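Take a look at it before reading on.

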Amino acid sequence: MAGSKREATKTAASGAANGEVAIMVGTRKGAWFLRSDASRRKWALQGPQFLGCIVHHIVADPRDGKTALMAARTGHLGPTIYRSTNQGKSWKEIERPPAFPKVPEGQKGLVVDHVFWLTPGHASEKDVWYAGTSPQGLFRSEDGGRTWNGVAGFNENPNRSKWVWGDKDQTPDGGKMHSILIDPRDAKHMYLGMSGGGSFESLDQGASWRPLNKGVEANFIPTPDPEFGHDPHHMALHPLRPDRLYQQNHCGIYRLDRPSDTWTRIGAKMPKKIGDIGFPIVLHPRDPETVWVFPMDGGSVWPRVSLGGKPAAYRSTDAGKSWERQDKGLPAEQAWFTVKRQAMCSDQGAPLGLYFGTTSGELWASRNEGESWGCLARHLPEIYSVTLAGGRR
Amino acid sequence: MKVHIPGPLRSYTSGAARVEIPGETVAAVLAELDRRYPGMRFRIIDEQDRVRTHIKVFVNADSIEDLSRVLAGGDELTIICALSGG
């Protein structure tokens, strides 16, 4: 039953311990959970939970290791968020999901279609969470995700409509606010990504925002070097070097080392026949030089599938100066899937484990930093989100 | 007031397909529904107080958008998930 509260009593996978890894998978038709043994060789699949719900993002809170939020909706019903306080064993609908303010009669107000992105707040603010929505809005919770209020500095900013192209001409099911990043050194220093709209930065915890898109191509806009309007697909900030950001954009792969405000197109070093278009970007949690992407076909009419039907991850271990193909174990031909922006993550293991889910409902994993891959699950619905339970963002 | 609950919302009513809710207007009935079954109204009505795109609300056989519609004794409210999706 869609959005069932009764399902909240079902048992789900919980956070990892003793080398075990637990993965949360959000799909177009519900949520699934996988848990490994200590070697990460054997996996148990549990689910579905909230069968029929469109699950855009499931995110665990690294601050307490117990709380997780799940952004969900159904095709008919309005959006909501489910909350777990026991590492995903059970879920309960929150009290007040993100919603735009009601406007006076006769005016056209914004309506949240779905919550697309969830981010736990700074370590010093243990009950703070942020949410990005479609249409694009920024919301903040100060009670662990139970209730939400709009961040006026973005949602009511007089420039908002300009930044988000007037909420028109966005991606097929609406513009997406995503990649809400918090500087681990400063709760007031934030970044966010908008598809479309570009990358933005705030130094005052969201009260004001400025575009951060210098150096990023936007070949779908007639204006050369626009200040905003770009299409970042996914941004990530390195936790050990917070002045380093990586970005997989509609127009390439980029790196930014602050205090510079000009991105460098590190995707220029990708093989020309592969290009540097894709959705996800994943960082090595212990090495700011190492990053993974999963390229897709962004040529001609933008098929958004594996290039040539031969999927592969690409890894750089030198911050994007060079890239290596990692496809051992992946289908060698006729595999035409996409890996969406929230659908690739790492664990904390040594060597690092990597995980990605496909639009064709397969979950793939590597126990050796991408050197080889194995399929953990097939025949799931279209996968939107693959995240680590009980811990890291 | 009899309120007919569609399948996707019966998780809120412990599986009940029909509940009895007092109210003099559609808005009042929806408010009481939400009081008894927290969160339910927002799944049906958006933040601009409009019936959501893929939901229909009927008073007897009339599809309504105006939540201030006054209800008479014996009226029945039916919430329907429109035929859509895939």
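pLDDT is the predictor's confidence in each residue, on a scale from 0 to 100. This is a predicted model, so local features need pLDDT of at least 70 and side-chain atom pairs count only at pLDDT 80 or more, while totals for chains, interfaces and linings use all residues. Residues are numbered from 1 along each chain as its sequence is written, with chains lettered from A and ligands numbered from 1 in the order written.

Chain A averages a pLDDT of 93, and 95% of its residues score at least 70. Residues 1-16 of chain A are another story: pLDDT stays under 50 there. Where pLDDT is low, the predicted coordinates should not be read in detail.

Now for chain B. Its secondary structure comes to two helices and five strands (DSSP runs, H or I of at least four residues for helices, E of at least two for strands, numbered from the N terminus). Along the sequence they run β-β-α-α-β-β-β. The C-alpha atoms of chain B fill a box of roughly 40 × 25 × 25 Å along the principal axes.

Where do the two chains meet? The contact (C-beta atoms, placed from the backbone, within 7 Å) takes these residues from each side:

| Chain | Residues in the contact |
|---|---|
| Chain A | 22 residues |
| Chain B | 20 residues |

Back inside chain A, Val386(A) touches Ile23(A), Val25(A) and Leu363(A), among others, not counting residues up to four places away in sequence.

Definitions and conventions:
Contact = placed C-beta atoms within 7 Å.
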